[in-house]
Amino acid sequence: MNESTPLLAVKGLRCAFQGRSPKTPAVEVVRGVNLTLWEGEILGLVGESGSGKTMTMRSLIQLLPKNALVQAEALSFGGRNLRELSEEALRNLRGKEIAMIFQDPMTSLNPLKSAGFHIMEILMRHAGATKKEARAEAESLLDRAGIPFAPDYMRRYPHELSGGMRQRVLIAMALSCRPRLLIADEPTTALDVTIQAQILSLIRSLQQKEGMSVVLITHDLGVVANTCHRVAVMYAGLIMEECSVEELFAVPLHPYTKALLRSLPRIEETEKTRLLPIEGQPPSPAEPPPGCPFAPRCPEVHQECNGSLPLLREIPDRRQHWVRCVQYQKELSGRIYET
């Protein structure tokens with residue numbers, strides 16, 4: 001693939017859920033997302049729970065309920081149009097070229113099957129390996145995922161493993177076919193801090209060795225700071241700001257991004273200080289406000305914020321720094337990411 005062509009290109013992605021009755025208006029949870037991911041890049045997708053992070057990536061690979069309605073102006077992976085692929089072609093793509101680590105490993109693993117079986121099944125289906133070859137490769141994958149005594153753990157069932165070990169099994173499953181894109185959905189949720197650090201270090205190490213691209217879904221900006229190259233901040237189904245990790249922490253522009261950063265505890269604080277929570281609640285997807293969705297909670301709100309939805313614009317003097325805020329609509333002459 002041409003180096004100037006991104007691995008993943010998404011434009012105008014929308015996802016809505018139809019109610020039980022066809023007359024019930026569909027509820028839109030992803031409202032026109034644009035994303036670009038390059039080979040070997042780690043992109044952080046950040047936002048509060050319910051902001052649309054997971055649904056954006058599930059929409060991409062069509063892992064959705066039957067009542068989901070997905071639309072997109074462009075949806076390409078490795079130069080292929082994902083909208084034109086058949087269901088069989090999508091099934092072959094998932095797990096082989098695009099792999100996903102789900103948020104809760106206990107609900108992602110079959111309690112009646114051993115850890116080894118989960119990995120061997122993928123290798124036999126997607127890689128055409130024999131049972132003997134799949135077993136040897138599964139043991140190797142568990143070892144690379146940081147699980148000692150792999151032959152012993154091959155025989156263990158999910159309930160016999162700790163949370164960290166179950167997450168490592170999922171990572172081994174995701175890497176079994178050497179995917180070009182790994183989607184990690186909150187991979188450190190419910191793990192203690194030490195195990196979180198080990199899992200993130202493992203993902204970074206494997207990403208560098210395999211040269212794959214990663215989309216890391218998280219609500220933790222601390223995770224983003226230590227892991228990602230670039231970050232997209234989501235709120236109410238929209239991308240509010242996108243830039244490099246360095247710029248996000250040095251010069252955040254959107255009030256929502258600033259509020260997220262203010263809510264983080266800081267190690268350099270010498271005196272006890274209260275964390276600053278974001279007041280209020282995100283809007284209901286069924287009744288989004290006409291203007292900026294963050295306006296009801298924004299400390300910098302203007303009258304114009306409640307008018308029309310701001311466009312996502314590029315800051316002219318900062319390469320690839322995009323922001324969706326009325327404060328910049330009149331000031332900026334930069335490109336519009338989406339119309």
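Let's start with a charged pair: the side chains of E137 and R178 meet in a salt bridge, 3.8 Å from N to O. E137 sits in helix α5 (residues 131-144), R178 in the loop between α7 and β8 (181-185), so this pair links distant parts of the chain, 41 residues apart. A salt bridge here is a side-chain nitrogen of Lys or Arg within 4 Å of a carboxyl oxygen of Asp or Glu. E137 is partly exposed, at 22% relative accessible area. On that scale, buried is under 20%, exposed is over 50%, and partly exposed lies in between, with a 1.4 Å probe and protein chains only.

A word on the source. This is a predicted model, where local features need pLDDT of at least 70 and side-chain atom pairs count only at pLDDT 80 or more, while totals for chains, interfaces and linings use all residues. Residues are numbered from 1 along each chain as its sequence is written, and side-chain values use heavy atoms, with hydrogens and water left out. Helices (H or I, at least four residues) and strands (E, at least two) are DSSP runs, numbered from the N terminus.

Back to charges. The whole structure has 17 salt bridges. One of them joins E73 and K11, with the closest N and O atoms 3.8 Å apart. That pair also links distant parts of the chain: E73 is in the loop between β4 (68-71) and β5 (74-77), K11 is in strand β1 (residues 8-17), and 62 residues separate them. K11 is partly exposed, at 39%. D152 and R156 form another, at 2.7 Å between the closest N and O atoms. Both are partly exposed: D152 at 29%, R156 at 27%. There is also a network of salt bridges, linking E39, R80, E97 and R180.

The criterion is NZ of Lys or CZ of Arg within 6 Å of the ring centre and within 35 degrees of the ring normal. K113 does likewise over F117, at 4.8 Å.

Now rings with rings. How many aromatic pairs does a search of the whole structure find? It finds 3. In Y235 and F294, the centres are 5.4 Å apart and the planes at 85°, so the pair is edge-to-face. Y235 is in strand β10 (residues 230-235) and F294 in the loop between α11 (255-262) and β12 (313-314), so the pair ties together parts 59 residues apart in sequence. For the cut-offs, rings of Phe, Tyr and Trp (its six-membered ring) pair with centres within 6.5 Å; planes under 30 degrees apart are stacked, over 60 edge-to-face, the rest tilted. Both Y235 and F294 are buried. Y256 joins them in a cluster of ring pairs.

Y256 is also one of the buried residues of α11. That helix is mostly covered, with 6 of its 8 residues buried.

On to the cores. A nonpolar core is a set of buried Ala, Val, Leu, Ile, Met, Phe, Trp, Tyr and Cys residues joined through side-chain atoms within 4.5 Å. The largest has 65 residues, and I119, L142, V169, I171 and F294 have the most contacts inside it. Helix α7 (residues 163-175) gives the most, 8 residues. Apart from this core lies another, of 34 residues, including F77 and W322.

Last, cysteines. The structure holds 0 disulfides, a disulfide being two cysteine sulfur atoms within 2.5 Å. C243 is buried, at 1%.
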